[in-house]
Amino acid sequence: MIGYHFATVKGQKLFYREAGPATAPTLVLLHGFPSSSHMFRDLIPRLADQFHLIAPDYPGFGYSDAPAAAGFAYTFDNLAALTEELLFGALGLRKFSIYVQDYGAPVGYRIAERHPEAIAGIVVQNGNAYAEGIGAAFEPMKPFWQHRDPETEKPVRALLTRETTLFQYTHGVRDPARISPDAYTVDQLFLDRPGNDAIQLDLLHDYQSNLGRYDGWHAYFRRHQPRMLIVWGKNDPFFTEAGARAYQRDLPKAELHFIDTGHFALEDSADFIAQRIRAFFG
């Protein structure tokens with residue numbers, strides 16, 4: 001049974017889904033762009049008998065508060081800080097594993113780097129931490145990172161359109177008929193909220209800060225050797241197969257599985273991913 005909750009963290013109301021017995025090992029599910037905890041709707045029931053599952057929405061996403069960008073710092077440092085306070089403060093967690101996808105990787109790795117003793121394991125699903133993992137789909141963002149103005153912003157705004165959201169869900173999948181329209185429709189409804197474009201543009205501009213953190217995350221991997229399971233949609237135009245393999249440089253015992261699908265692998269491969277998680281954590 002899934003519970004739907006809100007917690008107030010540093011003045012912001014954060015939504016999270018919770019399932020499974022509180023006495024079971026905790027797995028925190030950290031979503032990507034442009035989604036929310038909704039992306040885990042198929043995975044949660046498949047794991048709830050074995051894990052205590054927590055799936056939050058970041059500020060500006062899903063059902064969490066979305067304060068105006070003019071008065072709130074939409075940075076990955078801030079998303080991670082609020083998520084960290086939710087987990088350790090509001091929920092009182094002390095030991096847990098993390099599942100990271102897309103934006104979930106820079107959020108989760110910031111938390112792991114600060115609290116290595118708390119991380120029991122990491123599941124990576126198309127969540128990047130290496131320069132070679134940045135795919136060609138990022139090319140339109142690079143001028144925007146170098147100099148933000150209305151002109152460089154134009155191609156980045158295309159990432160907020162329904163066409164791009166649909167592309168993210170269907171590109172590289174074996175059978176588009178298996179992709180539920182609920183996924184991209186819900187994401188787009190949230191993206192289209194008044195003022196949300198400013199929120200997402202701030203985060204897309206700040207994404208470059210993650211590249212500057214890569215060396216620190218690699219050092220964390222090498223020093224602490226967290227248990228890692230990598231399940232990667234190999235046809236992802238944003239994060240490449242090379243980025244998945246790169247983890248094994250620093251974590252040679254990491255278990256790696258490529259899946260013949262795209263960026264949102266849970267949409268058509270939730271059974272496979274759930275089976276791998278169950279086997280990996282035993």
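Is Phe 238 buried or exposed, and at what relative accessibility? At 9% relative accessibility, Phe 238 counts as buried, where buried means under 20% relative accessible area, exposed over 50%, and partly exposed anything in between, with a 1.4 Å probe and protein chains only. The model is a predicted one, so to speak of local features takes a pLDDT of at least 70 and side-chain atom pairs count only at pLDDT 80 or more, while totals for chains, interfaces and linings use all residues. Residues are numbered from 1 along each chain as its sequence is written, and side-chain values use heavy atoms, with hydrogens and water left out.

Back to Phe 238: this residue sits in the loop between strand 7 (228–233) and helix 11 (241–250). Helices (H or I, at least four residues) and strands (E, at least two) are DSSP runs, numbered from the N terminus. Setting aside residues up to four places away in sequence, Phe 238 touches Gly 133, Ile 134, Gly 135, Ala 137, Phe 138, Leu 159, Phe 167, Gln 168 and His 263, contact being heavy atoms within 4.5 Å. Pro 150 is another matter: 88 residues separate it from Phe 238 along the chain, and the two C-alpha atoms are 23 Å apart.

A cavity is, on a 1 Å grid over the protein atoms alone, a set of points where a 1.4 Å probe fits but cannot get out, and lining residues have an atom within 4 Å of a point. Grid points are joined across faces, edges and corners, and a volume is the space filled by probe spheres set on the points. By this rule there are two cavities of 30 Å³ or more.

Among the residues that line it are Pro 34, Ser 35, Phe 190, Arg 193 and Gln 200. Helix 7 (181–191) and helix 8 (196–206) are the elements that give two or more residues to this lining. The classes here are four nonpolar, five polar and one charged.

Two helices show a clear burial pattern. In helix 6 (residues 162–170), the buried residues are Thr 164, Thr 165, Gln 168 and Tyr 169. They span an arc of only 140° around the axis, so they fall on the same side of helix 6; the arc is that of the directions from the helix axis to the C-beta atoms. These buried residues pack against helix 7 and helix 12 (266–281). Thr 164 has a relative accessible area of 15% and, leaving aside neighbours within four places in sequence, is in contact with Ala 158 and Leu 159. Just after helix 6, Gly 172 takes a positive phi of about 85°.

In helix 5 (residues 150–157), Thr 152, Glu 153 and Val 156 are buried. Their arc is only 100° around the axis, which puts them on the same side of helix 5. Pro 150, Glu 151 and Lys 154 are exposed on the other side. The buried residues of helix 5 pack against helix 4 (142–146) and helix 8.

Now for the strands. Strand 2 (residues 12–19) is mostly covered, with six of its eight residues buried. Strand 1 (residues 3–9) pairs with strand 2 in the antiparallel sense over seven bridges, a pair requiring at least two DSSP bridges. Gly 3 stands opposite Glu 18 in strand 2. Strand 2 also runs antiparallel to strand 4 (residues 52–56), joined by four bridges, with Tyr 16 opposite Pro 56.Strand 1 and strand 2 form a hairpin with two residues between them. Lys 10, in the turn, has a positive phi of about 50° and is exposed, with a relative accessible area of 59%. Gln 225 has a positive phi too, near 45°.

How values were computed:
1 Å grid on protein atoms, 1.4 Å probe; cavity = no way out; pocket = protein on both sides within 12 Å on 5 of 7 lines; lining within 4 Å. Nonpolar A, V, L, I, M, F, W, Y, C, P; charged D, E, K, R; others polar.
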